[in-house]
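Have a look at it first, then take the points in order.

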Amino acid sequence: MSSYNNDSGDEREECPLCMEPLDVDDINFYPCQCAYQICRFCWHRLRTDSDGLCPACRQPYSEKPVEFNPVSLEEIQKIKQEKMQKKSEVRMKTIESRRPLAHMRVVQKNLVYVIGLPPHLDENTLRKPEYFSQYGKVLKIVVNRGHPYNAGNGVSYSAYITYVRNEDASACVRGVDKMQVDGRILRASLGTTKYCNHFLRNLKCPNPDCMYLHEIGDHSVSYTKEDMLQGKHTADVTAPVEQQQQQQ
C-alpha cells in the first residue's frame with residue numbers, strides 16, 4: 001500500500017490500482033486472505049468486469065470481503081477533526097518558517113529598476129520599441145508616480161520594468177544606465193522584490209498578475225532591509241554594468 005502527502009501535509013493511503021486516496025470506509029477493507037488492500041470500487045470492478053482474481057495472489061475473490069469493518073460516525077468525526085488539527089498545525093508551522101521572509105528582498109534578474117525618468121513618459125510610451133521594448137519582450141512596466149524626486153533638473157520618477165528573459169533585463173541595464181533623457185541622467189540596475197503577503201500566510205494568491213514572489217527565492221541574492229541600507233546588494237544589482245565595463 002502506497003501513500004502520498006497532499007497539499008495540506010496529510011499523509012494518505014491510496015489504492016494501488018486506481019491510485020486514488022482511500023475513503024474512510026476503505027481503510028479497514030481487505031477483500032482477500034493475502035491482505036492485499038484495494039478500494040471497494042476496484043474490488044467491485046475486478047469482480048464484475050474482469051477475472052475476479054486478486055492482483056497480488058491471483059486467488060478468486062469471494063462474495064464477501066475477508067475483512068471489512070465500517071467506520072462509525074463517531075470515528076469519522078474523530079478522523080476529520082484530527083485531519084483539521086494536523087492541517088492547522090502544518091499551516092502554522094509554514095507561516096512561522098516564512099515569517100523572516102517578510103523583511104527580505106530578492107534580486108530579480110528579469111526586473112530592471114530605473115530612476116530619473118521625466119514626467120511625460122508613461123507606461124504606454126515606455127513600452128514602445130524606441131524605449132524599453134528594444135531590449136526584449138516586456139511583461140510589465142510600473143511607473144512609481146507616488147514618490148517623485150527632484151535631482152536639480154525638475155521632477156523625475158522611477159520605474160520597474162519586468163522582462164520575459166533575464167538576459168534582456170541585463171541588456172537593458174547596460175543600455176540605459178547613465179543615458180541622458182531630457183537633461184536627466186538615468187540610472188538603471190536590476191530590481192529587487194518582496195514576498196507576496198498571501199505566500200507568507202500560506203494562502204493562494206488571488207491575483208493572477210501579482211509580481212511578488214510566491215516561492216522561496218535565491219538565498220545568495222536575498223537581502224534584509226538593513227543589508228540594502230548598507231549597500232550589500234549593490235554588486236548584484238549592478239552586475240550587468242560591471243560585466244560590461246570589464247569587457248571594455
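1. Strand 5 supplies nine residues to the lining of the largest pocket, the largest share of it. Strands here are DSSP runs of E with at least two residues, helices are runs of H or I with at least four, and both are numbered from the N terminus. Other elements that each give at least two lining residues include strand 6 (138-150), strand 10 (187-193) and helix 8 (239-247).

2. A word on what you are looking at: the model is predicted, so local features need pLDDT of at least 70 and side-chain atom pairs pLDDT 80 or more, while totals for chains, interfaces and linings use all residues. Residues are numbered from 1 along each chain as its sequence is written, and side-chain values use heavy atoms, leaving out hydrogens and water.

3. The protein has eight helices and eleven strands. Of its 248 residues, 34% count as buried, meaning under 20% relative accessible area; exposed is over 50% and partly exposed lies in between (1.4 Å probe, protein chains only). Among contacts (heavy atoms within 4.5 Å) with a separation of 6 or more, 55% join residues 24 or more positions apart.

4. How many aromatic pairs does a search of the whole structure find? There are three. In one of them, the ring centres of Phe29 and Trp43 are 5.4 Å apart with the planes at 70 degrees, so this pair is edge-to-face. Rings of Phe, Tyr and Trp (its six-membered ring) pair if their centres lie within 6.5 Å; planes under 30 degrees apart are stacked, over 60 edge-to-face, and the rest tilted. Because Phe29 lies in strand 3 (residues 29-30) and Trp43 in helix 1 (residues 40-49), the pair ties together parts 14 residues apart in sequence. Phe29 is buried at 1% relative accessibility, and Trp43 is buried at 12%.

5. Tyr113 and Tyr160 make a tilted pair, with 4.9 Å centre to centre and 35 degrees between the planes. Tyr113 belongs to strand 5 (residues 104-117) and Tyr160 to strand 7 (residues 155-163), 47 residues apart. Tyr113 is partly exposed at 28%, and Tyr160 is partly exposed at 31%.

6. Finally, some loop residues to look at. Asp26, between strand 2 (11-14) and strand 3, is buried at 4% relative accessibility. Leaving aside residues up to four places away in sequence, Asp26 touches Gln37, Cys39 and Arg40. Lys178 has a positive phi near 70 degrees, in a residue other than glycine, and is exposed at 53%.
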